[in-house]
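This report is meant for a reader who is meeting the structure for the first time. Please look over the sequence and the model before reading on.

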Amino acid sequence: MNTLNLSKTCIPTLWSIQFADRIIALAALLLFFPLISCIYLYLKVMNKTKLERVYIHGTDNLVGLYQFPYQGWTHQLPVIINIIKGDIGLLGDEVHFSFEPKPVLFCRPGLVSISSMQRRIGIDFEDSLPSLRKAYSSLWNYLLALVRVTINSALTSNKTSQAERISLFGLSLHNATMNGMLNLIVSKAKTPAKSLTQFAFVNADCLNKAYTDSQYHRELNNCEAIFADGIGARIACRWLGVGLKANLNGTDMLPLLCEQLIKEELSLFLLGGAPEVAHQAAQQLQLSHPMLKIAGTHHGFFHEADTKSVLKIINSSGAAVLLVAMGAPKQELWLAKYHSKLSPAVGIGVGGLFDFYSNRINRAPLWLRQMGMEWIWRLIQEPRRMWRRYIFGNPLFLLRVRKEVRQLNNQKPHQSETKTNVINYPNLSKSSTQQRCGRIQLRLLLNRIAKRSLDVSVAAFALVLLAPLLLLVALFIRLESPGAVLFSQQRVGKFNHTFTMWKFRSMYQDAETRLASLQKTNEMQGGVIFKMKCDPRITRIGKFIRKTSIDELPQLWNVILGDMSLVGPRPALPREVAQYSPSDRRRLQVKPGITCIWQVSGRSNIPFDRQVELDVDYIYQQSLTEDIYLLIKTIPAVIFSRGAY
């Protein structure tokens with residue numbers, strides 16, 4: 001038996017599809033395991049909830065999906081476990097949460113779905129069930145469906161905008177759903193104005209033409225509404241920060257419009273195309289919609305001298321809606337020129353629509369349209385006519401959109417300076433705030449993980465590499481003066497917590513008892529830190545290892561223990577911290593380090609107040625790249641002993 005029936009009404013899932021899901025999920029788990037482990041350990045250390053479960057409707061019972069308890073793109077990574085367990089699939093029916101009414105599921109729920117893919121591309125009016133059944137018919141079709149979903153996700157966004165109008169190239173695009181567009185057209189057809197009401201569809205090619213043709217641009221803006229068609233317009237709107245509600249075009253609109261016209265008892269006139277094409281398209285529409293009233297047809301290859309007779313035929317037909325298929329911009333310019341002489345209530349430019357419905361040219365299959373790649377099908381069918389439009393036109397369109405986006409971004413600062421009387425309130429919506437917080441928390445988390453990984457790896461490698469040098473220094477220290485080779489001292493770390501810091505001993509054993517008598521000779525401005533170039537407490541080998549900073553190398557062990565970091569403010573003594581002002585205590589917000597900005601910028605020659613400023617600068621701009629940069633700068637600072645004594 002090669003299938004598993006999840007429910008009597010569900011599409012059966014082949015065992016090969018289940019196996020493929022688990023293999024892909026295991027590969028993803030191996031890929032993201034370091035990141036998942038780090039996030040899990042961090043949440044555990046911070047005593048936060050490590051995993052939470054969100055319940056959705058399964059085919060039979062509720063299914064608990066694992067996720068991390070924060071917002072961000074990584075919070076859903078634990079759902080890989082559900083895929084391995086077989087709770088959900090990579091591709092399946094749309095997810096419905098437990099607090100929603102129980103839906104009718106046609107197969108197991110999936111991480112992605114055909115219906116969500118079609119919604120993202122703007123063709124959610126198409127039935128997704130046949131595509132879902134085909135995807136589950138074999139492993140090959142299932143994998144192809146996953147590829148389609150991946151391409152769809154890369155080109156589109158799941159966000160839609162509630163804005164009714166979208167400005168692009170100075171054109172005001174009407175952002176509507178398919179039903180919204182149909183209702184607008186039919187309402188205008190039912191209540192005629194004094195002259196014809198014009199509508200237009202624009203794709204990337206039309207927008208390219210409008211970009212350079214001022215007359216076409218002007219007549220488009222005079223239309224009642226301009227509807228965006230194609231993946232190019234969808235990408236452009238996404239770059240502008242808005243989402244189209246639907247992909248609106250004449251080919252998808254026509255059968256739905258015919259149904260509405262039948263209900264309202266309105267008639268249709270087809271004008272355009274080659275001779276007989278409009279008539280053939282009308283015949284096909286009549287077959288699929290027997291109750292449809294087609295008032296008449298006429299081809300679009302007529303001379304200017306014949307226009308008067310064509311207008312007479314259209315007006316005498318009594319049609320409420322006129323479809324003009326002459327290609328852009330000719331059809332829009334013709335409608336604009338004669339709109340006052342036309343009696344139909346509505347006129348719409350529909351491009352090559354009649355070619356599709358006359359079966360002269362085949363429409364792209366749904367699987368290609370789901371990826372927004374219908375233009376590839378057109379290019380294959382008519383390469384000589386379409387190559388310039390798509391091969392050169394599409395990249396040119398995207399370049400022009402990019403240019404407009406840059407111009408809009410450059411205008412924003414200027415607008416905020418000139419419009420001083422306008423109060424711009426921040427976006428404090430719950431979803432927006434959560435997304436921003438999630439991104440900030442994730443960035444901070446990844447920065448901490450990266451910094452700790454760098455600390456441990458570099459410190460461990462350095463200890464192994466420098467082991468011979470460390471043993472040699474220890475021998476010289478022991479030979480010159482009695483006492484321990486290593487010197488331990490209590491220092492203040494992050495959040496004022498004390499820890500034991502290790503150094504090579506560079507002073508005589510009675511150094512601490514002699515400090516009080518030397519306080520008057522302190523050469524460090526500010527009095528918080530004690531520094532003296534010719535400190536009599538320092539041994540001969542001590543002068544060398546302090547000059548070359550070798551005495552600090554045992555602190556690599558503190559780095560491995562987690563008390564310190566490679567880069568950070570230098571750890572202070574408790575008596576020094578006791579003299580800190582509230583401003584100075586900002587140094588204690590992060591782990592102390594072996595090196596930092598002021599260590600590579602002058603070391604002991606820099607006054608204490610300036611040291612604090614440099615440390616605070618580091619705290620607010622710290623990053624992995626900044627740490628690596630400071631570690632590299634530390635090398636010449638140590639070699640040339642700048643400011644060391």
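## The protein as a whole

What percentage of the 645 residues in the protein is made up of buried residues? Buried residues make up 47% of them, and this figure, like every other in the report, belongs to a predicted model. The accessible surface of the protein comes to about 33,600 Å², and carbon and sulfur atoms account for 59% of that surface.

The protein has 25 helices and 18 strands. When contacts are counted between residues at least 6 apart in sequence, 69% of them join residues that are at least 24 apart.

## Aromatic pairs

How many aromatic pairs does the count come to? The count comes to 10 aromatic pairs, and one of them is formed by F169 and F397, whose rings lie 5.8 Å apart from centre to centre, with 75° between the planes. The pair is edge-to-face, because an angle of over 60 degrees between the planes is counted in that way. F169 lies in the loop between β7 (165-168) and β8 (171-174), whereas F397 lies in helix α17 (residues 383-418), so the pair ties together parts of the protein that are 228 residues apart in sequence. F169 counts as buried because its relative accessibility is 8%, and F397 likewise counts as buried, with a relative accessibility of 1%.

Another pair is that of W387 and F392, whose ring centres are 5.6 Å apart and whose planes stand at 70°, so this pair is edge-to-face as well. W387 has a relative accessibility of 35% and therefore counts as partly exposed.

## Backbone features in loops

Most residues other than glycine have a negative phi, and most peptide bonds are trans. Which residues have a positive phi although they are not glycines? Among them is E265, with a phi of about 60°, which is found in the loop between α10 (250-264) and β11 (267-272). E265 has a relative accessible area of 61% and is therefore exposed, since the cut-off for exposed residues is over 50%.

N496 also has a positive phi, of about 70°, without being a glycine, and its place is in the loop between β15 (486-492) and β16 (498-504). With a relative accessible area of 40%, N496 is partly exposed.

The peptide bond from A328 to P329 is cis, and its omega is near 5°. P329 itself is placed in the loop between β13 (321-325) and α13 (330-338).

## A buried aspartate in a helix

Is D627 buried or exposed? D627 is buried, because its relative accessible area is 2% and the cut-off for buried residues is under 20%. This residue lies in helix α25, which covers residues 624-639. If its neighbours within four places in sequence are left aside, D627 is in contact with K451, L454, V567 and Y618.

Key. Residues numbered from 1 in each chain as written. Predicted model: local features only at pLDDT ≥ 70, side-chain atom pairs only at ≥ 80, totals over all residues. Heavy atoms only, no water. Helix = DSSP H or I, 4+ residues; strand = E, 2+ residues; numbered from the N terminus. Buried < 20%, exposed > 50% of the residue type's maximum accessible area, 1.4 Å probe, protein only. Contact = heavy atoms within 4.5 Å. Phe/Tyr/Trp six-rings, centres within 6.5 Å; stacked < 30°, edge-to-face > 60°. Areas by Shrake-Rupley, 256 points an atom, 1.4 Å probe, with all protein chains shown as cover.
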